[in-house]
Amino acid sequence: MEAFSRYLRIWLASARYSLVRAMMFRGDLFIWALVELLWISVTVLTIAVVYSHTSTVAGWTKYEMLLLVGTSMLIQRFLMGFFWSGIYEMGRNVRNGAFDFVLAQPGDPLFMASTRKLELDGLLNSVVAAGLVVYAARKLGLHPAPSDLALYACMLACGVAIHYSALVMAMSLSFWITSSQGVEGSYFTLMEFSRIPREAFRGFASAVFVWVLPVVVVSNAPARAILHGFEPTWALGLCAATLVWFALAVMVFRSGLKRYTSSSS
Amino acid sequence: MLKYRHAFVVGLQSNLVYRWNFAARSLFSLFHLVFVFIFWGAIYAGKASIGGFGFTQTLTYFVVLFVLQFFIGAFNEDYLISEDIRNGLINQFLLKPINYFAYRLSVFASARVVSGALGFMALLVALPFFSGYLALPHDGWRIALGLPAMALTALIQFSIAYCFGMLAFWFLEIQGFVILSMAVETVLGGQFFPLDLLPPAVFHAVSYLPFYYQAYFPNAILTGRIGLGAAAHGLAIQALWAVILVCLAEAVWRRGLRHHTAAGG
């Protein structure tokens, strides 16, 4: 409990610093919030174009798909808001030796590296993504019970943890390769799959993207919780995937850290 | 010309240092093709054609887009240029008889040779899985018009990236602008969906914008989505956009230099 409150204090200090910094560069905050908003709009436009030529995709109607995509975006915006900057900078810091600064801080290196900065624009746009989910749910005539909403929130948290783990693993490659520039792109590529309904995956693709890489489960499980209520298989599957992926991320990060030799490692 | 050839060769060597990054990026990009295959496969389920094109034609569109992006896409040229300006490295070019646009274009060409070759190799790995779904037309004129369209696309992509890089003369941080523009370029360039799926009036309007020529146009020529008349007409508009953007790049460079302060010895 004492360790938890210590880490909470450290995180609050980082959050306060990020907030002050964001207020110093308000123009930047505005531009980045606009960037995020535009990317959300682009995705919604894609769905609109696709559904102007068809009524269902893998059995999902337009508003069910919007709910799925909104959920996927919500998870991604939370990841962007809470962890992206810290993890993204990790690759560069490992290469130029600035990671020493993280190691010298009073806490677990992974925690210190990944929670250094909050991105307010990502958090602001999580409101837009949540709005998309609410809009889609209303169009579908859904009235989820408080327990369904609580389940949805827990599943979102699991989704963020899985995304976080995947990103940490991708950026930890910088401990082994010359430069991790562009590696973050691989994360975004993989996360594209979270916008596809599970029913679209068959055979080998189902084994890989639904069971081995939990990119489909992270968004489909919470979206299904809103659409169909509690489904034990999906809930347990998501919890198991969260534990496995987080454990893997910690392992990869720690074994990479052993290779770190300060400047020019 | 000799100095730009040297810049090209040096650029080639420095890009080969990061060959594993490019290779990893190319291989991970294959996941995007898998995404396209699953997503568009679900959209096409039970339908012979959408927007007048079958599944194989649409899949071919995305496979060609994949190759084109590695051969002629501007990845991070805007960032490299902005770093030159921010770090003062641009000063050395002001003192030498070298045109900065031509120098950067040479480096861009060398980077695309490396990334294109590696992207093509990655595609060869995946080809056995996709070859049965590809439907490339065999008209000779498509190659004759497609190649100059590709060259002009590269010039347009580079010029736009160059202009965004030049913003560093006025702004400390340009990534927000770059990613803002990327969202527009991605959707209006036809990277999310073939532009011909847009309502006809919108498609017609978009065909006069430079974004149309950044990816969709050469792809549409090569994959048979547009006929000879539209291709010839488009090539003329594309050439006009290339000239406008090169002139704009030169104008922005000149204006930017007036703002620039070279410090240090």
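**A buried serine and the A–B interface**

B:Ser115 sits in helix 6 of chain B, residues 100-130 (helices, H or I of at least four residues, are DSSP runs numbered from the N terminus). This is a predicted model, where local features need pLDDT of at least 70 and side-chain atom pairs count only at pLDDT 80 or more, while totals for chains, interfaces and linings use all residues. Residues are numbered from 1 along each chain as its sequence is written, chains are lettered from A in the order in which they are written, and side-chain values use heavy atoms, with hydrogens and water left out.

B:Ser115 counts as buried because its relative accessibility is 0% (buried means under 20% relative accessible area, with a 1.4 Å probe and protein chains only). Leaving aside residues up to four places away in sequence, B:Ser115 touches B:Phe22, B:Phe70 and B:Phe75 (contact means heavy atoms within 4.5 Å).

Turning to the interface, 35 residues of chain A are in contact with 32 residues of chain B. The two chains bury about 3,100 Å² between them, 78% of it on carbon and sulfur atoms; buried area is the accessible area (1.4 Å probe) lost when two parts are put together, summed over both.

On the side of chain A that touches chain B, helix 2 of chain A gives the most, with twelve residues.

Notes: Helices (H or I, at least four residues) and strands (E, at least two) are DSSP runs, numbered from the N terminus. Buried means under 20% relative accessible area, exposed over 50%, partly exposed in between (1.4 Å probe, protein chains only).
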